[in-house]
Amino acid sequence: MANPPIAMLAELTHRCPLSCPYCSNPVELTARDTELSTAEWVSVFQQAADLGVLQLHLSGGEPASRRDLEELVKAARDAGLYTNLITSGIGLTEKRLAALDAAGLDHIQLSLQGTDAEMADRIGGYKGGFARKMQVAQWIAAIGFPLTLNFVMHRGNMHQLPRAIDMAQEMGARRIEVATVQFHGWAMLNRGALMPDRAQAREASRIVAEARAALKGRLVIDYVPADYHADYPKTCMGGWATTGLNVAPDGLVLPCHAAQTIKTLTFDTVRTRPLAEIWHEGAAFNAFRGTDWMQEPCRSCERKTIDFGGCRCQAMAIAGDPAATDPVCVKSPHHARMRALAEDFAGQSDADLTWRVMEKTSE
Amino acid sequence: MTPDAIPHLPRGVRLHYDRVRQDWVLLAPERAVRLDPIGHAILSRVDGVQSFGALTADLAATFNAPLDDVARDSAEFLAGLAERRFLEVR
């Protein structure tokens with residue numbers, strides 16, 4: 001039997017006031033009227049804790065778009081879960097933050113689309129969003145919530161990285177996550193506008209390494225480098241179905257947030273099947289668990305239990321086969337094409353952005 | 001870490017008994033650190049009141065171990081946590 005998961009990402013809703021062009025939600029968004037109810041989420045949290053989940057990430061969309069967020073946090077804490085709110089800050093008020101504090105919220109991860117209003121509001125597609133976020137950061141600090149600032153980085157805002165690191169310190173954050181956009185979901189539509197070039201990607205890595213040394217013990221920096229320019233793939237999800245799971249707004253249980261791009265997989269929902277059974281026996285979870293599913297060059301590779309062949313969704317997207325080696329890998333027969341793609345996208349200086357939109361009828 | 005330093009777990013970092021895996025973990029922002037019995041013995045004495053000197057003396061007495069060894073190992077363990085912002089010292 002598989003080890004139980006450590007972490008669960010609960011995508012409470014796909015609704016969001018922002019429309020970031022790299023949103024990790026699927027391009028086909030889930031409508032409000034199909035979202036799990038409060039009681040259904042509470043049951044999922046209890047089942048997750050019973051299964052062995054320790055860390056609960058409350059995300060979306062914008063989780064604050066759920067009016068029952070405070071109630072959900074309390075239920076998650078009562079279930080014994082560590083509760084992390086992943087938010088843009090929009091929709092949080094001083095009063096709601098106080099209620100979240102009372103409910104036992106453990107930690108907040110605040111997203112940053114840019115280090116000034118011009119950049120942040122353009123990327124987020126929401127005028128006034130940056131000013132509001134800065135206000136929310138002050139309220140978070142006043143209450144004393146531990147804070148992680150999450151700077152989502154791409155070709156258009158990479159030059160703002162040093163300022164983002166300064167901002168994290170000014171906000172009193174203990175951590176900053178410097179996350180280069182991963183190309184799934186909406187970001188796939190925007191590779192031409194968002195892909196950093198190699199020199200930029202290297203410069204970001206240099207800045208991170210320097211800041212890590214200079215800020216040791218004061219600010220922890222988690223870094224997600226520009227994957228398309230790497231030689232070895234990321235250890236996606238820490239290995240498929242080993243560590244974490246996602247629950248979509250309508251209750252579908254996914255091994256990762258982009259798993260629905262693999263059309264050959266079938267997914268179960270918490271509405272009809274217990275979470276533990278889905279984790280251990282669900283077809284999508286067992287599809288790429290362990291190493292038996294691997295092809296060459298993964299099968300005989302000494303790194304196969306280090307990176308587990310990389311990202312299944314990226315293998316699907318670039319190689320057309322979810323069981324192929326992640327084309328980021330130098331050993332992949334698609335690696336040269338991947339590199340050429342990265343350079344081509346990075347060079348599309350006039351590419352337009354496609355912002356995330358939700359069908360009006362589904363709001 | 002000096003004997004009169006007082007370590008504490010900051011808000012958002014807490015000891016948790018993992019009833020599924022039947023062992024202790026330190027829960028922190030987006031991290032869960034599995035604790036061996038020694039790590040747990042140290043952290044269960046980190047209460048924001050006891051000094052480092054007092055808690056290592058207690059550990060040495062409890063486990064019948066040389067104080068110098070206990071102090072050295074505990075300092076190293078706690079410094080590792082402090083570097084990750086999982087521990088603060090007054």
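## Basis

The model is predicted, and local features need pLDDT of at least 70, side-chain atom pairs count only at pLDDT 80 or more, and totals for chains, interfaces and linings use all residues. Residues are numbered from 1 along each chain as its sequence is written, while chains are lettered from A and ligands numbered from 1 in the order in which they are written.

## Strands of chain A

Strand β1 (residues 7–11) of chain A runs parallel to strand β8 (residues 244–247) of chain A, and the two pair over four bridges. Strands here are DSSP E runs of at least two residues, helices are H or I runs of at least four, and both are numbered from the N terminus; pairing requires at least two DSSP bridges between two strands. Within this pair, A:Met8 stands opposite A:Leu245.

β8(A) also pairs with strand β9 (residues 253–254) of chain A, in the antiparallel sense and over two bridges. A:Asn246 stands opposite A:Leu254 in β9(A). The hairpin of β8(A) and β9(A) has five residues between the strands, and A:Gly251 takes a positive phi near 95° there.

## Nonpolar core

A:Met8 and A:Leu56 touch the most other members of the largest nonpolar core, which has 118 residues. Such a core is a set of buried Ala, Val, Leu, Ile, Met, Phe, Trp, Tyr and Cys residues joined through C-beta atoms within 7 Å. A residue is buried if 20 or more other C-beta atoms lie within 10 Å of its own, exposed if 12 or fewer, and partly exposed in between, with C-beta atoms placed from the backbone.

Leaving aside neighbours within four places in sequence, A:Leu56 has contacts that include A:Met8, A:Ala10, A:Phe45 and A:Leu81. A contact means that the C-beta atoms of two residues, placed from the backbone, lie within 7 Å.

## Helix packing in chain A

Helix α3 (residues 94–103) and helix α5 (residues 129–143) of chain A pack at about 35°, with their axes 10 Å apart. The axes are lines fitted to C-alpha atoms, for helices over the stretch in contact, and angles run from 0 to 180 degrees between N-to-C directions. From α3(A), the residues A:Glu94, A:Leu97, A:Ala98 and A:Asp101 meet A:Trp139, A:Ile140 and A:Ile143 of α5(A). By class, this contact of α3(A) with α5(A) has five nonpolar, no polar and two charged residues. Ala, Val, Leu, Ile, Met, Phe, Trp, Tyr, Cys and Pro count as nonpolar, Asp, Glu, Lys and Arg as charged, and the others, Gly among them, as polar.

## Two buried residues

A:Asp326 is found in the loop between α12 (312–319) and α13 (335–346) of chain A. A:Asp326 counts as buried because it has 28 C-beta neighbours inside 10 Å. Its C-alpha atom is separated by 6.8 Å from that of A:Arg312, 14 residues apart along the chain.

A:Gly124 is found in helix α4 (residues 117–124) of chain A. With 26 other C-beta atoms within 10 Å, A:Gly124 is buried.

## Chain B and the chain contact

Chain B has an open sheet of three strands in the order β2-β3-β4, with antiparallel pairing. Its edge strands are β2 (14–18) and β4 (31–34), each pairing on one side only. The twist averages 35° from one strand to the next.

Between the chains, 17 residues of chain A are in contact with 14 residues of chain B. The chain A side divides into six nonpolar, seven polar and four charged residues.
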